[in-house]
Every structure is written in structure tokens, then in C-alpha cells.
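Please look at the sequence and the model before reading on.

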Amino acid sequence: MPKHSMPLQDLPSGTLQGSMLSQSNKMNKRKSSDGFLSEGLDMECTPTESIMQFSPHHKHQRLLSMGKENDCNQFVLNRRSRRKKESTSCISWDHLPDELLLRILFYVPLQDLCRMSSVCKRWHRLALDESLWHSVDLEGLTHVGPALQQVLKNGVHMLRCPRSFVEDFHFSGSGPLQMVLMDLSSSIIPPSSLESILSHCRLLEFLSLEALQLSDDIISSLSMNPNLLQLNLSGCSGFSAPALAHMLKSCSRIEQLNISWCEFDNDHVKSVVNNLNPAVTHLNLSGYREGLALEDVKVLVTRCPNIQALDLSDSTLLMADSFPVLRQLKGLLHLSLSRCYHIHLAALTDLGSMFPLLSLLDVFGIVNDGHLSSLKKELPRISINSRPFSSIARPSPSSGLTGGFMWNRKCQLRFKL
């Protein structure tokens with residue numbers, strides 16, 4: 001084989017002594033001035049003059065010593081300095097999208113939301129967005145007129161404002177309101193102000209005006225809400241029997257009606273029993289003493305055979321002969337005859353066989369504590385005197401739900417003290 005084609009392993013070792021490979025291997029094994037091995041593949045080669053020129057003064061001495069050690073080759077080994085991490089800057093509120101800001105404002109109390117609306121034009125627009133004012137609770141506030149005016153203009157669907165003082169004001173809105181549920185029970189509000197609100201309502205389904213002074217104009221405004229399902233007019237006054245009859249004819253979908261203890265005469269009672277929706281299931285017609293007679297009960301059960309809860313308390317003209325009439329209510333579950341003093345204890349024991357589905361019976365005032373235990377033994381499957389207050393059509397029944405709830409729905413935007 002020719003010499004120039006001799007295999008590498010056959011070449012004499014002296015041939016490689018002066019080669020670049022040998023010098024490189026020796027260089028990689030040489031220790032640095034700091035006493036550490038400098039691996040050639042992991043280091044960068046930079047001319048000493050450049051390092052001296054751009055490096056801080058306190059590093060010059062180390063570089064010079066390294067230069068002396070590698071004086072024959074005029075290069076040094078140096079690690080590249082690490083790049084400093086860039087500091088992250090805070091994100092401005094202005095960079096957040098409207099959707100995220102609305103989600104944040106969703107948890108802000110009412111008074112703070114009103115303050116935020118004056119920060120800037122954008123926050124004013126977001127703070128008055130309809131999605132935030134869907135349900136509002138103004139319970140127990142005084143001088144609530146301006147706030148109520150603004151709430152109504154913001155497109156509220158659920159308004160809870162019981163036991164509040166509303167000064168005389170006129171709602172200045174032009175179009176119809178989006179109100180579906182409204183509770184103004186036991187509030188102080190002038191009839192003219194209430195009428196200015198209700199005259200713009202067309203979508204009401206749940207309404208409570210308990211203990212308010214009303215008028216024929218207010219009752220006529222209610223007739224423009226054909227989808228009304230639950231209406232509480234307990235303790236109301238100031239409207240006529242013809243206006244009541246017209247309203248009940250127009251609101252033909254009412255399922256629960258509480259019209260107890262109003263300033264009624266017998267004409268008002270007849271307007272109810274003759275014009276009530278035949279599909280009604282819950283009716284409170286208590287408190288009329290001598291205004292409700294047996295003939296009215298006959299008309300009622302014939303017109304409304306689907307009643308499940310009936311309250312005829314304080315009807316002093318009713319006697320035990322009303323039981324065969326009430327027997328036509330096959331689905332009756334709850335019957336209240338409290339303080340109907342002409343109904344005797346012996347007659348009550350027949351209710352178990354007359355009403356097979358009856359589960360609740362209220363007879364406060366006609367059964368004393370001494371006879372109550374014996375009556376419970378006669379009617380073991382019926383709960384007697386367990387409901388002292390009627391929950392028919394009331395926004396806050398005795399179910400333990402308080403603090404912003406009405407008709408089992410919670411108001412989101414509340415005024416927090």
C-alpha cells in the first residue's frame with residue numbers, strides 16, 4: 001500500500017505531535033488561572049483587546065493575568081453574561097375589554113356603582129349598562145325617588161322596594177318599561193307616582209302592592225299586563241268594584257291572587273268571584289266578615305274548580321253547610337277557616353273524609369288549645385295550625401328566604417349599608 005494511503009492507526013505517533021489536533025487537545029486540558037478546567041466547546045473565544053476595551057475596570061486585572069497565561073496564542077476564555085429579564089409592567093384598566101369590566105362591576109354594590117359612573121365617559125357607559133341593572137333591591141330606603149327614577153330608566157326587570165319612602169315624583173320615561181317582577185309592599189308612595197310607573201308596564205308577571213293606597217287609574221293600568229300570574233293586593237284600598245272586575249277580566253292568566261283585608265263591600269267580593277280566572281290555583285279572600293256569603297262561595301267553586309289553596313278566614317257568615325259546597329274542590333290541599341266562629345269543632349272532624357288530598361288546615365280562633373290535640377287525633381294526616389300567615393301571592397313567603405329574595409328569585413344589585 002502506498003505511504004500516503006497508509007491507515008491512520010498505522011502512522012507513527014510522532015507524526016501527530018505538531019499537528020493542530022494535538023495543540024487543541026493540550027489547550028482544552030490546560031487549567032485557567034482560577035484553578036478550574038476550561039472546556040473549549042463551552043467557551044467563547046474573544047480577543048483580549050476587545051474585552052479590555054469594553055469590560056469594567058475591576059475586571060482588567062483578571063483579563064491581563066489570563067492574557068499572560070495564554071500569551072503565546074493571544075486569546076482568552078470568557079463566559080457570556082446572562083441577559084437580564086425584562087420587568088413586566090402593570091396593565092391599565094383602559095386596556096381591559098368591556099366584557100371583563102362588566103363582569104367586575106357585576107359584584108359592585110349599588111352605591112359604589114353610582115360613584116363609579118362619574119369617573120369618565122367609558123365608566124359612565126359601563127356602569128349604566130342594562131346587564132348590571134337587571135334586578136335591583138332598594139328595600140327600606142328613604143327619599144328613594146331619584147334613585148327609583150334612574151333604576152327604571154336603566155331597564156330593570158326585577159325591582160324589590162318594600163318598606164321604602166318614595167317622595168312625590170313623576171316617571172318621565174317615554175317607552176314601556178321592562179319590568180317583570182315588582183315588590184312595593186308596605187311602601188309609602190303617592191298614588192299618582194305609582195300610577196306613573198304602572199302606566200308604563202306591559203310585561204308584569206309578579207306584582208305586590210300590599211297595604212298601598214290605590215286608585216281606579218292604577219287598577220286600569222294593571223289591566224294592560226295580560227301575562228300577570230301572581231298579584232298581591234292585600235290590605236289595599238281606594239278603587240271601585242267595576243275597575244276591579246275589568247282588571248280581572250283582562251288579566252286572564254292569574255294563578256295566585258291575594259285580595260284579603262281590602263276596604264271591600266259585597267260588590268267588590270262579587271266582582272272577584274264572578275270575574276276571576278277559572279284556572280286560578282291559590283286564592284286568599286279572607287277578612288270580609290259579613291261581606292262574603294255562602295252564595296259567593298258557590299259561585300267561586302263553580303267558576304274555579306282547580307283551587308288548591310283557599311283562605312276564607314274571618315268570614316263570620318260561613319257555617320258548616322259550606323263544607324258540601326267546598327267539597328267540589330277535588331284538588332284542595334290547604335284550607336284556612338280561622339276565626340270563622342260559626343263553624344263548630346264537631347263539624348271539622350268530617351273534613352278528613354270530604355277532602356282526601358287535604359294536608360294543611362288553619363282553624364285559629366275556633367279551636368282552643370285544649371281541643372286541638374283531640375282534633376289532631378281525629379285528623380292524623382292533616383297538619384293543623386302550622387301556617388299562621390298566608391303565603392299566597394306574597395313575594396317573601398315563610399320559607400326562610402330573606403335578604404334580597406322575592407318569589408324565590410334573588411336581586412343582584414343591592415344597596416349595602
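In which sense, left-handed or right-handed, does H11 pass H12? The section on H11 and H12 gives the answer.

## Model and confidence

This is a predicted model, in which local features need pLDDT of at least 70 and side-chain atom pairs count only at pLDDT 80 or more, while totals for chains, interfaces and linings use all residues. Residues are numbered from 1 along each chain as its sequence is written, and side-chain values use heavy atoms, with hydrogens and water left out.

The mean pLDDT (the predictor's confidence in each residue, from 0 to 100) is 82 for the protein, and 76% of its residues reach 70 or more. Over residues 1–6 the pLDDT stays under 50, and the model has three contacts (heavy atoms within 4.5 Å) beyond four places in sequence for them. The pLDDT is also below 50 over residues 13–44, a stretch with 31 contacts beyond near neighbours in sequence.

## Helices H11 and H12

Helices (H or I, at least four residues) and strands (E, at least two) are DSSP runs, numbered from the N terminus. Axes are lines fitted to C-alpha atoms, for helices over the stretch in contact, and angles run from 0 to 180 degrees between N-to-C directions. H11 packs against helix H12 (residues 294–303) at an angle of about 20°, and their axes are 8 Å apart. The two helices H11 and H12 are therefore roughly parallel to each other, a term for angles under 35 degrees.

The crossing of H11 with H12 is left-handed, meaning that the near helix is turned anticlockwise from the far one by less than a right angle; clockwise is right-handed. On the H11 side, the contact includes Val269 and Val273; on the H12 side, it includes Val299 and Leu300.

## Helices H10 and H11

Helix H10 (residues 241–250) packs with helix H11 (residues 266–275) at an angle of about 15°, with 9 Å between their axes. H10 and H11 are therefore also roughly parallel, but their crossing is right-handed. Among the residues that meet are Leu244 and Leu248 in H10, and His268 and Val272 in H11.

## The sheet

Twelve strands form an open sheet with parallel pairing, in the order S13-S12-S11-S10-S9-S8-S7-S6-S5-S4-S3-S16. Strands S13 (383–384) and S16 (413–414) stand at the edges with a single partner strand each, so one side of each has no neighbour in the sheet. Strand S3 (residues 135–137) pairs with S16 in the parallel sense over two bridges; pairing requires at least two bridges found by DSSP. Val136 lies opposite Leu413 in S16.

Conventions:
Angles under 35 degrees count as roughly parallel, over 145 as roughly antiparallel, 65 to 115 as roughly perpendicular and the rest as oblique.
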